[in-house]
Amino acid sequence: KAFPWLLALGRNAMPDRVRKITQARVALSLRALEDHRSVLNQASARDLLAMDDGLMIYGTKAQYDADGRARQVKAEYGYKGAELSADEARELEPDLTPEIYRAVFWDGWHRIRDPHAMVKRLAEQVVRDGGEIVQDEVTHIDHDGARATRLHLKAGGEQAIENLCICAGAWSHELAAMLGSKVLLEAERGYHLIMQNTGVKLGRAITHAAQPGAVTPHHDGLKIAGSDEIAGNDAPPDWRRAEQMHVYGKRLLPALRELDGSESKWMGRRPSTPDSLPVISASENLQNVWYGFGHGHLGLTWGPTTGRLLAGLISGKPANTDLTPYRIDRKF
């Protein structure tokens with residue numbers, strides 16, 4: 001079922017496409033911090049935004065050399081890391097593995113201390129501003145060919161539509177299809193473990209070139225995250241993938257305690273397009289429909305920026321960012 005998406009993914013890995021995709025990702029990322037500050041300030045949640053730094057670990061020279069182009073691109077856009085020796089990296093993080101060829105220190109990382117608390121405070125602000133939050137399942141959307149007219153809800157009956165914005169994560173393409181819009185979207189399912197009383201100390205996020213993922217300090221302990229599973233929205237979680245995160249954690253932090261069943265496990269669906277760009281767009285065929293989804297691994301990062309851009313589209317205000325790369329009817 002995922003084959004069309006995977007085929008398009010291959011097409012978008014060609015160098016000319018990667019350059020354009022990178023530029024479009026940068027356009028969103030350069031706005032992200034200020035847009036976060038704006039929306040968090042409005043929701044009295046500024047305390048949830050923290051500035052940290054991070055380390056990328058390379059176990060071998062081959063790993064370091066293979067990542068050279070990525071470091072170069074970041075530097076071209078003004079983000080340059082500081083190279084550290086293995087000893088310098090372990091001076092920062094004494095519990096790190098000794099099997100380090102080199103590390104790169106990345107300053108100026110930002111993170112949300114507690115994403116759940118952020119969403120909760122934003123939701124509370126929506127209600128204070130006069131919004132209503134309804135939790136229900138959309139079974140069908142009526143339209144007359146020019147406008148979306150009515151939502152059919154599983155528990156809540158029917159609801160008339162004035163304007164409709166679809167931001168439904170990994171299920172967005174199913175709702176878009178009800179409105180005649182086809183977009184390639186897959187759920188890249190990620191897993192993580194949160195461990196307490198780990199037996200190690202960590203002061204910053206650590207990544208390793210040998211495996212996508214990260215070990216990160218967390219308000220509930222230590223979070224070890226990663227994995228990329230293409231299994232659709234409805235397949236049951238494969239908790240072996242979460243447990244495999246412990247192997248990744250031990251690679252970086254050899255003294256990490258063994259699993260004992262007290263860990264919490266999580267699986268989430270990253271809504272991903274094959275060109276790694278979100279859909280931030282008016283409908284191509286209905287006058288009162290807009291879309292904001294498909295952010296892949298950067299949903300939290302680009303969320304406030306997407307909201308601001310969509311608000312501009314809906315209210316007819318000109319955008320100061322070229323939204324062409326994010327159109328729903330682009331060719332994947």
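What share of the contacts in the protein chain with a separation of 6 or more is accounted for by residues 24 or more positions apart? The figure is 72%, with contact meaning heavy atoms within 4.5 Å. Before going on, a word on the ground rules: this is a predicted model, where local features need pLDDT of at least 70 and side-chain atom pairs count only at pLDDT 80 or more, while totals for chains, interfaces and linings use all residues. Residues are numbered from 1 along each chain as its sequence is written, and side-chain values use heavy atoms, with hydrogens and water left out.

Let's start with the overall build. The protein chain has nine helices and 14 strands; these are DSSP runs numbered from the N terminus, helices being H or I with at least four residues and strands E with at least two. Along the principal axes, the C-alpha atoms fill a box of roughly 65 × 45 × 40 Å. A compact globule of 332 residues would have a radius of gyration near 20 Å, and the 21 Å of this chain agrees with that. That radius is taken over C-alpha atoms, and the globule rule is 2.2 Å times the number of residues to the power 0.38. Of the 332 residues, 41% are buried, where buried means under 20% relative accessible area, exposed over 50%, and partly exposed in between (1.4 Å probe, protein chains only). The chain exposes about 17,800 Å², and carbon and sulfur atoms supply 52% of that; such areas come from the Shrake-Rupley method with a 1.4 Å probe, and for residues only the protein chains shown count as cover.

Now for the inside. In soluble globular proteins, nonpolar side chains tend to be buried together. A nonpolar core here is a set of buried Ala, Val, Leu, Ile, Met, Phe, Trp, Tyr and Cys residues joined through side-chain atoms within 4.5 Å. The largest one has 25 residues, and those touching the most other members are Leu 55, Ile 57, Leu 96, Val 215 and Leu 253. At least two residues of this core come from each of β1 (49-58), α5 (86-92), β3 (102-112), β8 (186-195), β11 (221-230) and α8 (239-252). Helix α8 gives the largest share, four residues. There is also a second, separate core of 20 residues, with Ile 141, Ala 148, Ile 166 and Val 183 among them.

Thr 207 is buried, at 15% relative accessible area.

On to the charges. Side chains of opposite charge can pair when their charged atoms come close. A salt bridge is counted when a side-chain nitrogen of Lys or Arg is within 4 Å of a carboxyl oxygen of Asp or Glu, and by this rule the count comes to 23. Take Asp 53 and Arg 204, whose closest N and O atoms are 2.5 Å apart. Asp 53 sits in strand β1 and Arg 204 in the loop between β8 and β9, so the pair ties together parts that are 151 residues apart in sequence. Asp 53 is buried, with 16% relative accessible area, and Arg 204 counts as buried too, at 13%.

Lys 61 and Asp 65 make another bridge, with closest N and O atoms 2.7 Å apart. Both lie in helix α3 (residues 61-66), four residues apart, about one turn of the helix. Lys 61 is partly exposed at 46%, and Asp 65 is partly exposed at 43%.

In the bridge between Glu 137 and Lys 154, the closest N and O atoms are 3.6 Å apart. Glu 137 lies in the loop between α6 and β4 and Lys 154 in the loop between β5 (148-153) and β6 (157-160), so this pair ties together parts 17 residues apart in sequence. Glu 137 is partly exposed at 43%, whereas Lys 154 is exposed at 63%. Elsewhere, Arg 31, Asp 35 and Arg 308 are linked in a network of salt bridges.
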